[in-house]
Amino acid sequence: MTHLGYVLGGYLLTAAVLGGYVLRLRSRSRALARVTAPAGGGAPVPADSPPPAGERTR
Amino acid sequence: MTTASRATRVLGWAALVTLALTAWLALIVSPPDVTQKDAVRLLYLHVPTAWLAMYVSFGVTTLASVLYLWRRTRSRFWDLAAGASAEVGVLFIGLTLAVGSIWGRSTWGVWWTWDARLTSTAVLFVLYLGYLAVRRVPSDPEVRSRRAAIVALAAFVDVPLVHFSVEWWRTLHQPASLLDERRLFDPQITGTMAFTLVLGVVAFTLLYAWLVIHRFRLARLEELADERQLADALAERRAEGAPTSAGESAGTEAGSARVDAPPVEAVGGPVAP
């Protein structure tokens, strides 16, 4: 293989790995957004919001 | 993408444009090296990914871990930031090893050799994989975060070893092209090659920032989902327990059998805020 073959291999490998990671983040984010979205739709509840009345225990 | 915002979109586009520009300069514009010929074009990938992983990603992980361990600044923010940065760092150090291996095959004739720089970098990769594994061990979140922070501090000890390995031992690996302390004002690389390399470092730094922000926000979403699942499980237990109290008040046999079950709060613990 020529030097250019190795070079192109390196660039393609990098693009594939980074692209795959971005797609994985994207799909996981979408899946979690569905899980964390309120039943009636709308924006997800912030993590630091207080629990609904009656849910607080001890 | 729910982890996106206007700022991350701008950052993402900036990273994409600078990466494309770097690829164009690296593959087409910059000249081949006198001795390495076209193989030198791998420098514009290998150096930025190594720089990002070792100094930026693992540096941020270490700093965030220190801030988490220090009681005055302890918060979930620093723990999640440390984890997000380490994951992206592992990705970059993996790429450094892979691209370095391809470059080694092209110039040295071998995919791998037990050289000091290569070996210490491989050890670094394994150490941070271990760090990510510790973060996934099922345990009390606070205990797990504290353990992970300590592992992060221990793992960072390898970074100076990697940096100085080319000076302390006889190695095949070349010394630093840009960050050589003895030749800061007399760099080994100049002109278009130096510009492309610096642009590559900027492009990968932007990409790192974009990835870490998204990974951090994803970690927050994961925590929210866990809390939601816990709340749902508790609500389910309460629903199961509802007929029990009715049966108990009616004095039925079924009701008295169910009344022995512990209260929901005692089983599940307090609902996380």
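Reply: The account below moves from the chain as a whole to the helix pair and then to a loop residue.

This is a predicted model, in which local features need pLDDT of at least 70 and side-chain atom pairs count only at pLDDT 80 or more, while totals for chains, interfaces and linings use all residues. Residues are numbered from 1 along each chain as its sequence is written, and chains are lettered from A and ligands numbered from 1 in the order in which they are written.

Chain B contains 9 helices and 0 strands; helices (H or I, at least four residues) and strands (E, at least two) are DSSP runs, numbered from the N terminus.

Helix 4 (residues 116-135) of chain B packs against helix 5 (residues 141-156) of chain B at an angle of about 175°, their axes 9 Å apart. Axes are lines fitted to C-alpha atoms, for helices over the stretch in contact, and angles run from 0 to 180 degrees between N-to-C directions. Helix 4 of chain B contributes residues including Leu127(B), Tyr131(B) and Arg135(B), and helix 5 of chain B residues including Arg144(B), Ala148(B) and Ala155(B); contact requires C-beta atoms, placed from the backbone, within 7 Å.

Elsewhere, Lys37(B) lies in the loop between helix 1 (6-29) and helix 2 (43-69) of chain B. Lys37(B) has a positive phi of about 55° although it is not a glycine, and with 15 C-beta neighbours inside 10 Å it counts as partly exposed.

Conventions. A residue is buried if 20 or more other C-beta atoms lie within 10 Å of its own, exposed if 12 or fewer, and partly exposed in between; C-beta atoms are placed from the backbone. Two residues are in contact if their C-beta atoms, placed from the backbone, lie within 7 Å.
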